[in-house]
Amino acid sequence: MTEGTTSAAAEGADTLTRLEQEGEIAADYLEGLLDIADLDGDIDMDVEADRASVSIISDSSGRDLQKLVGRDGEVLEALQELTRLAVHRETGDRSRLMLDIAGYRAKKRTELSELGAKAAAEARSSGEPVKLDPMTPFERKVVHDAVKAAGLSSESEGEEPQRFVVVLPA
């Protein structure tokens, strides 16, 4: 191996170690939260797409965990930000950690991918831009990825919290 290859491999290992550490800090924080709220849930950690991913899952029906998701994922978004702040406090680095509770984000990702594909098909057939409803940054990212996979381009317009995706025709 050359020196450049060795340093790139070491940098990749350092990134993986850092992301695993973020996941562990987040898991500890969330376990404390579950204890305080007297909720049952198991914590699953992973690294996906260069970010730590932490999920809270339940063996039971998961109704208790729905309290942590909230209406339209609002509580989940707030908990994700609090968890990112807890990681930042421990590491000093900004975290891009992704939190999922009771499979909410996984289900939402599937729905949004379908929405992005339908919007791309509509833009392709009509030749007109397709404007979607306002979305969170996570939701917009999933839609942008689906539109790109369909072979078209998209952009975000507007100001938070009314920022939305526009799918552009070919």
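The side chains of R140 and E160 meet in a salt bridge, with N and O 2.8 Å apart. A salt bridge here is a side-chain nitrogen of Lys or Arg within 4 Å of a carboxyl oxygen of Asp or Glu. This pair links distant parts of the chain, its two members being 20 residues apart. R140 belongs to helix 5 (residues 137-149), whereas E160 sits in the loop between strand 5 (153-157) and strand 6 (164-168). Helices (H or I, at least four residues) and strands (E, at least two) are DSSP runs numbered from the N terminus.

The model is predicted: local features need pLDDT of at least 70 and side-chain atom pairs count only at pLDDT 80 or more, while totals for chains, interfaces and linings use all residues. Residues are numbered from 1 along each chain as its sequence is written, and side-chain values use heavy atoms, with hydrogens and water left out.

The partners in this bridge can also be described by accessibility. Buried means under 20% relative accessible area, exposed over 50%, and partly exposed in between (1.4 Å probe, protein chains only). R140 counts as buried at 7% relative accessibility, and E160 is partly exposed at 45%. Elsewhere, salt bridges that share partners join R71, D72 and E74 into one network.

Counted by the salt-bridge rule, the total is nine. Among them is the pair E81 and R84, whose closest N and O atoms are 3.1 Å apart. Both residues lie in helix 3 (residues 74-91), three residues apart, which is about one turn of the helix. E81 is partly exposed, with a relative accessible area of 39%, whereas R84 is buried at 17%.

What else does R84 contact, leaving aside its neighbours within four places in sequence? R84 is in contact with R51, S95, R96 and L97, where contact means heavy atoms within 4.5 Å. The side chains of R84 and E81 are also joined by a polar contact of 3.1 Å. A polar contact is a pair of N or O atoms within 3.5 Å; within protein, one must be able to donate a hydrogen and the other to accept it, and residues adjacent in sequence count only if both atoms are side-chain atoms.

Another salt bridge pairs R89 with E90, the closest N and O atoms being 3.8 Å apart. R89 counts as exposed, at 60% relative accessibility. Why can such pairs form? Side chains of opposite charge can pair when their charged atoms come close.
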